[in-house]
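Trainee: Hi! Could we go through this one together?
Mentor: Happy to, let's take a look.

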Amino acid sequence: MQQLKTTEITVKLFGPLRDIVGKDEVPCHIPDVPTGETVFAELVREHPDLLPWRDHLMLAVNLTYVPFDHPVTGADDVAFIPPVSGG
Amino acid sequence: MTTIVTITNQPIRIPDVLDAVSSPRAGGIDIFVGTVRDHSGGARVKRLEYTAYDAMALRLMHQVEEEIRSRWEVHGVVLIHRTGILEIGEIAVVTAVSCSHRKDAFDACRFAIDRIKAIVPIWKKEWTEEGESWGANEPLEIRERQQMKDRDAR
């Protein structure tokens with residue numbers, strides 16, 4: 001059987017997303033070239049309750065806000081940022 | 001030219017902030033103090049819990065400091081956000097600037113708190129009499145969906 005090559009991306013979770021998943025971070029295994037979009041799709045497959053959040057999240061890669069189609073690697077710090085409410 | 005940018009789980013002491021931000025070059029100091037309010041919308045709030053993406057929050061608070069310094073002639077800047085569980089009346093956030101002139105101080109201080117609220121990854125969970133909630137943090141459609149689920153469950 002052919003082994004599909006995947007990249008493991010560790011996604012950090014905060015605020016309401018952490019409550020939904022019940023963990024601070026989760027590993028996601030992504031085939032091909034991972035982007036924020038494909039990583040989020042994989043997260044939703046495991047945790048369908050995350051789906052309605054899609055349009056309200058920002059992607060952060062290495063502590064910087066980037067567009068959802070930004071590529072990510074296993075070495076990157078990856079987080080989906082729900083609407084912030086500091087102050 | 002003092003700069004203090006911090007996230008802390010310890011109480012914020014205003015006299016310390018005032019000391020730190022003071023400068024012999026300043027003609028005025030503005031301090032904004034954000035405190036825990038006992039209500040949110042119609043609900044009675046018992047306490048709040050703040051969590052942060054610490055590394056990114058610090059980085060963006062430093063960015064806010066740079067933005068302030070590029071727009072106004074400021075001397076001292078202090079930006080502190082508290083995390084953890086806070087009781088009613090406790091200080092959650094402080095932005096302080098010292099400037100040669102008061103207009104710059106007012107404008108820069110207001111910019112600091114508005115910018116922190118807009119971009120820094122910190123989240124506030126509200127503990128009300130009905131339980132815990134993400135308050136305004138939760139998009140309306142998600143709250144409505146949850147309410148419908150709760151109604152169906154009853």
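Trainee: What do the buried residues of H3(B) pack against?
Mentor: They pack against strand E4 (64-66) of chain A, and also against strand E2 (28-35), helix H2 (54-71), strand E5 (74-82) and strand E7 (91-99) of chain B. Contact here is heavy atoms within 4.5 Å, and buried is under 20% relative accessible area (1.4 Å probe, protein chains only). This is a predicted model, where local features need pLDDT of at least 70 and side-chain atom pairs need 80 or more, while totals for chains, interfaces and linings use all residues. Residues are numbered from 1 along each chain, and side-chain values use heavy atoms.

Trainee: Which residues of H3(B) are buried?
Mentor: Among them are Ala105(B), Cys109(B), Phe111(B) and Ile116(B).

Trainee: New topic: how many residues does the contact take from each chain?
Mentor: Chain A gives 22 residues and chain B gives 28 residues.

Trainee: And what is the area buried between chain A and chain B?
Mentor: About 2200 Å², with 60% from carbon and sulfur atoms; that is the accessible area (1.4 Å probe) the two parts lose on being put together, summed over both. Leu63(A), Ser85(A) and Gly87(A) supply 29% of what chain A buries against chain B, more than any other three residues.

Trainee: How many salt bridges does the rule find across the interface?
Mentor: The rule, a side-chain nitrogen of Lys or Arg within 4 Å of a carboxyl oxygen of Asp or Glu, finds 1. Lys125(B) and Asp19(A) meet in a salt bridge through their side chains, at 3.1 Å from N to O.

Terms used. Chains are lettered from A and ligands numbered from 1 in the order in which they are written. Buried means under 20% relative accessible area, exposed over 50%, partly exposed in between (1.4 Å probe, protein chains only). Helices (H or I, at least four residues) and strands (E, at least two) are DSSP runs, numbered from the N terminus.
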